[in-house]
Amino acid sequence: MAKRSAPAVNAGSMADIAFLLLIFFLVTTTMEKDSGITRKLPPMEESEEDVIIKQKNIFTVLINNKDQLLVEDEIMELKDLRAAAVEFLDNGGDGSCDYCNGIKDQSSSDNPDKAIISLKNLRETSYAQYISVQNELVGAYNELRNRRALQLGPSSGFRDMNFIEMQKKYKDVKWPGNKTKLKEVVDRIKLEYPQKLSEVQEQ
Amino acid sequence: MSKFKKKKGGDLPAVNTASLPDIVFMLLFFFMVATVMRENTLKIENKLPNADQVEKLEKKDLVMYIYAGKPSSNYKKMGTEARIQLNDDFASVDEIAAFIASERASKREELVPFLTTSLKVDKEANMGLVGDIKQELRKVNALKINYAAIPGDVSKNNQ
């Protein structure tokens with residue numbers, strides 16, 4: 001009697017099974033990665049003594065309940081906010097900031113370390129407008145930091161890299177460059193243009 | 001006369017579908033790898049605002065999500081005011097402290113300082129609610145926050 005080979009398994013339904021699984025994963029997939037504006041809230045305990053800050057070192061931004069902006073007591077459009085914030089931060093009024101490109105106006109901020117942006121909003125302010133303003137202010141800081149990164153980078157061997165890229169590279173495990181050196185540059189820039197943004201909500 | 005005479009017919013030969021499962025499996029694996037299961041069923045409207053200075057949130061397991069927005073059409077009975085959603089249900093502002101505590105308890109102790117709170121707030125909500133959330137977070141010392149936003153131009157926010 002001839003030896004019979006085992007009958008082949010019918011694989012016709014394999015495709016159906018795979019399709020079923022495929023459709024399941026297609027439906028449950030969310031591709032987008034979470035992104036957003038990262039901020040740090042101030043801790044709860046208030047310091048005992050009031051720090052006296054000169055009025056010229058504060059850049060006040062008020063968003064009212066109709067989402068209008070009042071910047072340094074003048075009405076401003078959202079699109080002009082970033083430039084105004086950059087001008088304020090980069091002013092360098094007391095001359096101690098040798099990397100500032102500002103106009104050194106005596107009635108504006110002394111140096112980037114002293115300059116504080118104060119953001120006030122009302123309860124009725126819309127969240128969309130608040131995020132837009134936050135975005136513009138963070139954008140102003142990033143603009144200055146990027147510019148500084150392009151100045152400082154070449155002397156440390158990081159040519160044509162802005163601040164955002166430096167931070168990205170620092171977090172990237174696959175990046176082959178010198179991380180300790182990069183960290184030094186990043187920290188220095190953060191110290192030269194510190195993000196000092198205080199927030200108040202008026203009732 | 002041959003016994004095995006070939007049938008002469010105009011039938012087209014069927015397309016070989018033997019490799020179809022392979023193709024489908026390939027797609028399947030791609031989606032399996034790319035899938036992130038939705039953790040919460042949203043009961044609120046959640047249209048995030050746009051911003052162009054966004055940073056990506058890495059380490060998904062170290063993120064706590066707080067949602068806020070108007071109740072969606074199925075939950076009209078909850079009113080039209082923006083509400084907070086924690087996990088799968090509506091919550092009030094004072095439940096945030098308990099939520100943060102339970103999230104912290106579920107993580108390894110050494111990872112707790114790295115936890116970030118992601119605020120996924122509908123762009124039509126107003127700042128009163130967001131301010132209350134922020135105040136609660138300060139009380140429980142959860143200071144790292146992230147305002148979730150979609151990369152895009154801010155001018156789209158006011159439409």
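Mentor: The structure discussed here is a predicted model.

Trainee: How many nonpolar residues are in the contact of α4(A) with α5(A)?

Mentor: On the side of α4(A), the contributors include A:Phe163, A:Met166 and A:Tyr170. On the side of α5(A), they include A:Leu182, A:Val185, A:Val186 and A:Ile189. Beside 1 polar and 3 charged residues, the number of nonpolar residues in this contact is 7.

Trainee: Why is chain A described as more spread out than a compact globule?

Mentor: Chain A holds 5 helices and 6 strands, and its C-alpha trace spans about 110 × 50 × 35 Å along the principal axes. For 203 residues the globule rule gives 17 Å, so chain A is more spread out than a compact globule, with a radius of gyration of 27 Å.

Trainee: Which strands are the edges of the open sheet of 7 strands?

Mentor: The order is β2(B)-β1(A)-β7(B)-β6(B)-β3(B)-β4(B)-β5(B), with mixed pairing. Within it, β1(A) (residues 35-40) pairs with β2(B) in the antiparallel sense over 2 bridges, and 5 bridges join β1(A) to β7(B), also antiparallel. The strands that pair on one side only are β2 and β5 of chain B.

Trainee: Which residue of β7(B) stands opposite A:Lys40?

Mentor: Strand β1(A) runs antiparallel to β7(B). Across β1(A) and β6 and β7 of chain B lies helix α3 (residues 127-156) of chain A, running at about 75° to β1(A). In β7(B), the residue opposite A:Lys40 is B:Lys144.

Trainee: Which element gives the largest share of the side of chain B that touches chain A?

Mentor: The contact takes 48 residues from chain B and 43 residues from chain A. Among the elements of chain B that each supply at least two residues to its side are α1 (20-34), β6 (116-121) and α3 (127-139). The largest share, 9 residues, comes from α1(B).

Methods:
Residues are numbered from 1 along each chain as its sequence is written. Chains are lettered from A and ligands numbered from 1 in the order in which they are written. This is a predicted model: local features need pLDDT of at least 70, side-chain atom pairs count only at pLDDT 80 or more; totals for chains, interfaces and linings use all residues. Two residues are in contact if their C-beta atoms, placed from the backbone, lie within 7 Å. Helices (H or I, at least four residues) and strands (E, at least two) are DSSP runs, numbered from the N terminus. Two strands pair if DSSP finds at least two bridges between them. Ala, Val, Leu, Ile, Met, Phe, Trp, Tyr, Cys and Pro count as nonpolar, Asp, Glu, Lys and Arg as charged, and the others, Gly among them, as polar. The radius of gyration is taken over C-alpha atoms; the globule rule is 2.2 Å times the number of residues to the power 0.38. Axes are lines fitted to C-alpha atoms, for helices over the stretch in contact, and angles run from 0 to 180 degrees between N-to-C directions.
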